[in-house]
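Please walk through the model shown here, starting from one chain and ending at the contact between chains.

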Amino acid sequence: MTEILAVLFISIGSLFLLLGSIGIIRFPDFYARTHAMSKPDTMGLMLTLTGLALLNGWNLTSLKLLLVVLFVAMATSTSTHALGRAALKTGLKPWFKGEDRK
Amino acid sequence: MNLETFLHFIALVLALALLLPFFRVYKGPTLFDRMAGLSVIGSKTIVLLAIVGVVYGRLDMFVDIVIAYSLLNFVGTVAVARYLEARGGKH
């Protein structure tokens, strides 16, 4: 039962990671790409590492994996926000519908 | 399909997901796009390292590498973002 749950978590998580990668090459400008940079990555990494911790059972290694999950849930959004803020402060213009894609 | 074959397949999918952002790092029009690509590559590498640890049966060793890599990825991205913000000017 635990194994089935773990396989489900790992499959869905890696799907999220793959879709995030596709998003980062398909979206039109930097501000849209920050969306593909933070959310699918956080979700996919949380699901995948939780699945691996379930496979591993209850011990110190699983606790460390869950701590990585907790850290990444805060860290990815923070670093994405820092990059987006830096882009806005240095005057990078957002893309609007109808302009050329960069 | 046993568990090891499944994990090999997942590692293959992750390798593909890791290869795609290199296009953005190479082509990206601004520096921020390149940094976004690098950050995405870093977070995919974390998962790939953990899966490689399970496949080799040495997760207790690889999990420390995973912790160090996630810390480095976060600190590196924030440091470059702060630098680019403080430098200002052209991007």
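This is a predicted model: local features need pLDDT of at least 70, side-chain atom pairs count only at pLDDT 80 or more; totals for chains, interfaces and linings use all residues.

Chain B contains 4 helices and 0 strands.

The overall form of chain B can be described by its extent. Along the principal axes, the C-alpha atoms of chain B fill a box of roughly 55 × 25 × 10 Å. The radius of gyration of chain B is 16 Å, whereas a compact globule of 91 residues would have a value near 12 Å. Of the 91 residues in chain B, 40% are buried. Among the contacts in chain B with a separation of 6 or more, 56% are between residues 24 or more positions apart.

What does the contact between the chains involve? It joins 40 residues of chain A to 41 residues of chain B. On the chain A side, α1 (2–26), α2 (30–56) and α3 (60–89) each supply at least two of the residues that touch chain B. Which helix of chain A gives the most to this side? That is α3(A), with 16 residues. Sorted by class, the side of chain A that touches chain B consists of 23 nonpolar, 11 polar and 6 charged residues.

Taken together, chain B is a chain of 4 helices with a radius of gyration of 16 Å, and 41 of its residues are in contact with chain A.

Definitions and conventions: Residues are numbered from 1 along each chain as its sequence is written. Chains are lettered from A and ligands numbered from 1 in the order in which they are written. Two residues are in contact if their C-beta atoms, placed from the backbone, lie within 7 Å. Ala, Val, Leu, Ile, Met, Phe, Trp, Tyr, Cys and Pro count as nonpolar, Asp, Glu, Lys and Arg as charged, and the others, Gly among them, as polar. The radius of gyration is taken over C-alpha atoms; the globule rule is 2.2 Å times the number of residues to the power 0.38. A residue is buried if 20 or more other C-beta atoms lie within 10 Å of its own, exposed if 12 or fewer, and partly exposed in between; C-beta atoms are placed from the backbone.
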